[in-house]
Amino acid sequence: MTTWLRDETPHDIFRFLREGDVGRHQTARVTADGAAWLASAAGGRGAALTRWEARPASPATLPCGTVFDVVNVDPVFGRRMLDRLWLEGPGSGPVAVHRGRMMLFAAPGTAQRLPALLDWEEWGEAVPRPLCHGVGDAVTVPPLVPSGDTGPRWLVAPDTRNPWLPGPEVVLWACVRAVRAFSAADVRVSIFPPADPGANVYDVSRRR
């Protein structure tokens with residue numbers, strides 16, 4: 001999918017990113033291989049690489065549907081989905097935040113299939129409806145280099161030329177698990193009577 005980009009690419013932005021890859025925490029920083037994968041979504045390396053080479057700290061707009069789809073969710077619910085994916089599931093692909101929303105990069109075809117799966121799922125009505133971006137859509141992706149402003153940023157940045165991307169079934173699983181976990185947390189069963197509203201309450205959970 002991204003084999004068109006060779007290590008001997010003349011674009012300085014990839015050399016710059018590759019030199020910065022050594023000895024740093026990669027979770028929220030794009031690597032040279034991750035940038036190559038993002039550029040492949042543009043359908044041709046020339047324009048995308050030229051733009052990023054000139055302005056690596058600026059966001060870019062990339063089309064969906066070929067290299068990736070994007071599932072756009074409420075950030076609080078999105079955090080719950082990520083918790084389930086990383087604690088109980090297979091992990092996630094790249095994840096970004098932009099304009100108060102969380103964007104989960106998913107396998108192509110997810111945008112078309114996921115809404116139908118949610119309609120069939122018994123817990124589907126409890127899931128905050130995601131915005132699914134696929135063929136014919138484009139999304140704003142964070143800069144290759146962190147800019148330090150309030151614009152889009154990576155939570156899980158792409159770091160390989162062939163990242164694993166969750167398909168519609170995995171995203172559905174994360175949605176349902178997130179709803180179930182939240183619903184279970186709301187259930188309070190106790191053999192003790194309700195506490196006196198006027199009583200002093202002490203937090204003993206911090207006791208050593």
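This is a predicted model: local features need pLDDT of at least 70, side-chain atom pairs count only at pLDDT 80 or more; totals for chains, interfaces and linings use all residues.
Figure 1. Of the 208 residues in the chain, 43% are buried. Among contacts with a separation of 6 or more, 76% link residues 24 or more positions apart. The chain exposes about 12100 Å², and carbon and sulfur atoms supply 54% of that area.

**Figure 2. The five-stranded open sheet.** Here the strands line up in the order E5-E2-E4-E3-E7, with antiparallel pairing. Strand E5 (131-133) and strand E7 (153-156) stand at the edges with a single partner strand each, so one side of each has no neighbour in the sheet. On average, neighbouring strands of this sheet are turned by 25° against each other, direction ignored.

**Figure 3. Strands E3 and E4, with helix H4.** Take a look at the antiparallel pair made by E3 (residues 95-98) and E4 (residues 101-106), which four bridges join. Within this pair, Val-97 stands opposite Met-102 in E4. Helix H4 (residues 75-87) packs on the sheet and touches strand E2 (69-73), E3, E4 and E7. The direction of H4 makes about 40° with that of E4.

**Figure 4. Confidence along the chain.** The average pLDDT of the protein chain is 79, and 72% of the residues score at least 70. Residues 21-25 have a pLDDT below 50, and this stretch has seven contacts in the model beyond near neighbours in sequence.

Technical notes
Residues are numbered from 1 along each chain as its sequence is written. Side-chain values use heavy atoms; hydrogens and water are left out. Two strands pair if DSSP finds at least two bridges between them. Helices (H or I, at least four residues) and strands (E, at least two) are DSSP runs, numbered from the N terminus. Axes are lines fitted to C-alpha atoms, for helices over the stretch in contact, and angles run from 0 to 180 degrees between N-to-C directions. Contact means heavy atoms within 4.5 Å. pLDDT is the predictor's confidence in each residue, from 0 to 100. Buried means under 20% relative accessible area, exposed over 50%, partly exposed in between (1.4 Å probe, protein chains only). Accessible areas come from the Shrake-Rupley method with a 1.4 Å probe; for residues, only the protein chains shown count as cover.
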